[in-house]
Every structure is written in C-alpha cells, then in structure tokens.
Amino acid sequence: MEHQSYIISPEHGWIIIAGLSVLWIGLGYYWGRRAKSMDGYMLAGRRVGLALGTATVMATWVTSNTTMLAPQFALELGIWGMIAYSTAALGLLLFAPLAARIRRLMPRGYTSGDFIRLRYGKPAWVLFLLISIFYGFIWLISMGMAGGILMNAIAGIPYEIGMSVILFVCVAYTLFGGLYAVIGTDYVQSVLILIGIVIIGVAVFQLVDFGTVYADLSTDKPMLLNALLPASIMAVFNNLLFGVGEVFHSNVWWSRVFAMSQKAGRRAYLIGGLIWLPVPVAAGFIALSSGSIGINITRPDMVGPLVAANVLGQAGAIVVFMVFFCSLASSLDSLLASTSDLITQDIYKKMIKPQASEAQLRKASSRIVLGLGFVAWIVCLPRIGTLADVLFFAGPLVASTIWPIATGLFWRKANARGAIAGMIAGSVTGLVFYFVVGWYSASLIGAATSMIVVVLFTYLFPGTFEWHKLDEKTAASNA
Amino acid sequence: MTFPYRTTTFSSWYLSLVLILISSLNLVAGDQRPEFRGKYELMSRDGHVRLRWQAVGPNAIYELQQSDTPAFDNAETIYRGPDLATFISGLPDGVYYYRLRMNDGDWSEPLTLTVKHYSLQLALTLAGLGAIVFLLTVALVLKGTPKAIR
C-alpha cells in the first residue's frame, strides 16, 4: 500500500459499508418484488416518469469516473482537463433528441443491439455486440477497481476486500430487483450524491483561497494553467467524442429510453445532462487545490477523494466515503443490469434459445448478472493500471459507433456496409493512435475515421430503409 | 589454564560476534538508502510522472527532492512523509532530477525525468479535426430533431 496515511479508521469504513450495503440490498429486494414480468425486470415496466428518469440518468453518469477521473484530468491536464471532462455532459444532451426518436421508432424495443440488428442486419449486429459488451465489461472493471482503490485510500481497507464487497453488494441487489431496483436505488443515490457534492464544494470553497491556489499552481505546476498545453488540447475533443460514443451506443442509456415514456426520456436526458455538467468542474477544482492544501497524492485517480476527505476532516470524510460509495454503486448496478440485458436478449434469446419462456429468460438473466460479477471480480483482483488507462482503451471502439448509430436513426440511405466498415476502420485507426500517440487522440481519430467511412459508403451505396421495420413486434403481428 | 584460556577465547569470540552484529546492524541502518521502483531514466510527453519507491522499514519518513541540475543545486523538497509514492504534474519541457532519503539518511541514486510535450501543431490539428467531427454530429442530430420529436 503506497498511501500510508488514512483518513478514517477501517472500523468506521466497515460500519459505513455495512450500513449502505444493507440499505441497497434491502431496497433492491423491496423494489424487485414488482418485477413480475421480463418487461418489469429488464425495463421497470416501461413506465418510469421524469423525476425518476432524470435521477437515474444523473446518478448513472456520476460514476466513479466523474468523482475520481475528473479530478485526475484536472491534476494531469490542468484547466483544459476540467473542461475536457465536463464535455461528457454533451453526450447526454445530444442523446435527448435520439431518445425521443428511438422511443418513437421502437416502442417495444429492449436493447441497443435490437436497433443495430433490425437496422443493419446480423454481421453489423455481431460486431456491435462485441464492441458494446467489451466496453461494458471494461467500464465494469474500472468501477470494481475504483471501489477497491477508494476504500483502501480512505479507510485502509485492503484493495481486494473493498473491491469484492462492492461488487458483491451490487450483484446482489441487481439480481433481486433488475431495473426496478437499479432505478430506485439510483434515485436515493443521486440525492445522497448531490447533498454530498454540495457539502464538499462549500467546505472546499470556504477553506481554500482561489488566489493561493492560482499562485501555487503558477509556481509548482505552471503547465496546468497553460492554455496551450498540447496533451490537454487534444484531450478536449477526444473526451467529448468518447462521451458521445459511450452514451450513443451503450445499452445502459438505451434501456432507460425504453423504460421511460417518449416525453420523459427526452427531458430526463436534457435535465440530467445539465445537472451533471458542473460536477466535473467542481471535482476538478478540488484536485487543483491539492498542492495548496499540502496533500501528497500517491495515485492521480485518488486525488478527488483524498483532498475532499482531508479538507472535511473525520466527520466529513464519512460524507465523502458515502458519496463515492453511492456513485460507484449507481453505475455498477446499471452496468450489470444493462450488460446482462444485452447478453440475455441479443445472445441468449436471439442466437441460442429463440423459444425461451419468460421464466427461462429471467433465470438466464440472473445467471448472467452473477457471471458478469464473478468475471469482473477475477479481472479486478490484480490492479491493472490507473482508471484512465483501463477506460480509455475502449474509447476508439465506442467512438466508432457514433455515426453508424446517428445516421441509422435519421438517414434512410445509411447502410450496413457503411456501418460495419465505419466501426472496423474507426476502431483500428483509433487503437493505432492509442498506442502511437496516446489515449488523448484515440477516440477522436476513431470517431473521425468512422464518420468519413459512413458518409462515403452512404454516398456510394445508398440504402432505402423503411423505418417501420424497427418496430419488430408490430411488424411481426402484421405479418 | 586451559579453562581461563578457553573462557577468554569464547568471550572474545562472543564479543566479536556481538560487535560484528551490532556493526552490521549499524551498517544496514546507515546504508538503508531507499530506492525508486522501476526505471531511473523516465520520459514524459504530458508533463506528469508518478514516482514510487521501496519501503525500507517501519516508521520511515521519506524525503523527496527535485532539482533541475544533476548536482542538485537549489534542490527543492517536494515531499516529506510516510507514503511510498507521489504524483507530480504540470512540468514544462526540461530535464528534472529526483533523489530520495529516509529519516535524514543517505540520498538514493538520482532519477532523471525528461519532459518533452507533444508538438502544439499536432495537438491543434487533432483538436481541429475533433471540432469538425463534433459540429457535424451536432448538425446531424439537430437536423433530425424535428423528425425525432414529431
């Protein structure tokens, strides 16, 4: 353990973990009793309103990556780093019109995989599933790792134990309650996160003087204030396009669209995005003040929790611990549920057992949640690298899906060849840049290449897609 | 006579052993120079680096110094405490030297960090490309919005 000075005792840490774990599992079990059908289990009965919808969008996007990676961005890339991370809000804002379009075209859809299969056919669908499941799994691993790192740094709980506990708790309540439990706990978690962020923000702004922070940065870390820091200039649009790609393709966001009404979905994404926007800026400022406060940062991804907990003292550290635990849980549960939905619907039902009954699907879904949790646990055991290293590896892959998805929703002429070529070319060129230049450019190059290829193929081989084909059940009953 | 002789010999031997042990312990304590983990020649393209070092003993207080000369003229202590790593960021182009010691003991071998940021031309070109992709994506979505909410 590199950090030798813990903020709260392991005993306090365990008490908080135990309390929150019992609360989430209890609420998950309670809400999960409503999930009588597969629509209930996977999509919370498709009746989620604006308040719950906004809360789940906001809570899911305030992940450990917001609370841990946004400060890391500021510490590594300075002012532009803070702005770069907050551009991820544009992913939610741009998805709002898409949410309305998706709900209108696919009123009975289940997953983002459904859309790709119906819009572009099987080869594009298989490729998309590979990208989407890989990304979902990478995100899941980054969350599990974050849980272990966080509990170790704040309370001195061994990494392996902390990581195992948070994965176990999230698997347990997702297993009991499906999307009902996920959205319900997200609501409580979003309230706790917002209260915690306000408390931390007020405390930091009262204790740390802007002038001192600026003077210290100018002396000790001058490049963080430099508007022409090359890595951070690249990071702005790279992170923006990574965020757009994450939201546009991931079943985490599509499943919420199918769970909400058409109007609620569009508004929930707009409001959720706007509420989320200032969070990374506040988290980033906290990181920039670390030098002035005199805190040694042993890992860049721990700067946010360490500064906040140090500024707030013992009692405040408990608030910080709760906020980070909630932000982790609200994203882990969403990922487990949506990735399990994707595998259940798109692989088990569509490829392995088309005649599966609801009971069989529910059983398969539960086993997939358990399996995902177990595999994530195995992969998380060795600490692979920093959160950024892990997460941004998937960047070019998800960025390459932006144009196939957006054109697929709005352009009749968009076609399968363009979607497949765009995803492959974007992923490959993006990964080449990941290794040659660095993660700062990988998503950007992936999105740019994919866009050029998709537009070129649409021009060369225009399709004539009929939108009603996306409403699979209506099309089947009419036939 | 034999006995006193043997006693003397045994005492001398025992004393020598004790002295050797004590001196070797002193030697170890005096030589407990902390070492950085990993390579001693590092390169950064973004002005940040994470330095880690081996734990030497319990209750150790480490001191890390940074300088822009190998002789450590005008060296600055950038960390003093029990942790086994530190993260440094915001460094401009240049060569930086780091050394470490424990409990005011001897300094470690110096570690050299060379910072050479990416070219601004590459950064601005990529940012320009990113801006174009983003604006075209916005245009695509906004053009489709009336269709989306109808």
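Mentor: One term before we start: two strands pair if DSSP finds at least two bridges between them. Helices (H or I, at least four residues) and strands (E, at least two) are themselves DSSP runs, numbered from the N terminus. This is a predicted model, where local features need pLDDT of at least 70, side-chain atom pairs count only at pLDDT 80 or more, and totals for chains, interfaces and linings use all residues. Residues are numbered from 1 along each chain as its sequence is written, while chains are lettered from A and ligands numbered from 1 in the order in which they are written.

Trainee: OK, what stands opposite B:Tyr62?
Mentor: That's B:Met102, in S6(B). Strand S3 (residues 62–67) of chain B is joined to strand S6 (residues 94–102) of chain B by 6 bridges, and the two run antiparallel.

Trainee: And which sense do S6(B) and S7(B) pair in, parallel or antiparallel?
Mentor: Antiparallel, over 5 bridges, with S7 covering residues 111–115 of chain B. There, B:Tyr97 stands opposite B:Thr112.

Trainee: How many helices and strands does chain B have?
Mentor: Chain B has 2 helices and 7 strands. Along the sequence the pattern reads α-β-β-β-β-β-β-β-α.

Trainee: How many residues of chain B are in contact with chain A?
Mentor: 42 residues of chain B are in contact with 46 of chain A, where contact means C-beta atoms, placed from the backbone, within 7 Å. The largest share of chain B's side, 21 residues, comes from H2(B). By class, that side has 24 nonpolar, 12 polar and 6 charged residues (Ala, Val, Leu, Ile, Met, Phe, Trp, Tyr, Cys and Pro count as nonpolar, Asp, Glu, Lys and Arg as charged, and the others, Gly among them, as polar).

Trainee: Which residues have the most contacts inside the largest nonpolar core?
Mentor: A:Phe95, A:Ile154, A:Leu241 and A:Val320, in a core of 205 residues. Its largest share, 22 residues, comes from helix H15 (residues 303–352) of chain A. A nonpolar core is a set of buried Ala, Val, Leu, Ile, Met, Phe, Trp, Tyr and Cys residues joined through C-beta atoms within 7 Å.

Conventions
A residue is buried if 20 or more other C-beta atoms lie within 10 Å of its own, exposed if 12 or fewer, and partly exposed in between; C-beta atoms are placed from the backbone. Two residues are in contact if their C-beta atoms, placed from the backbone, lie within 7 Å.
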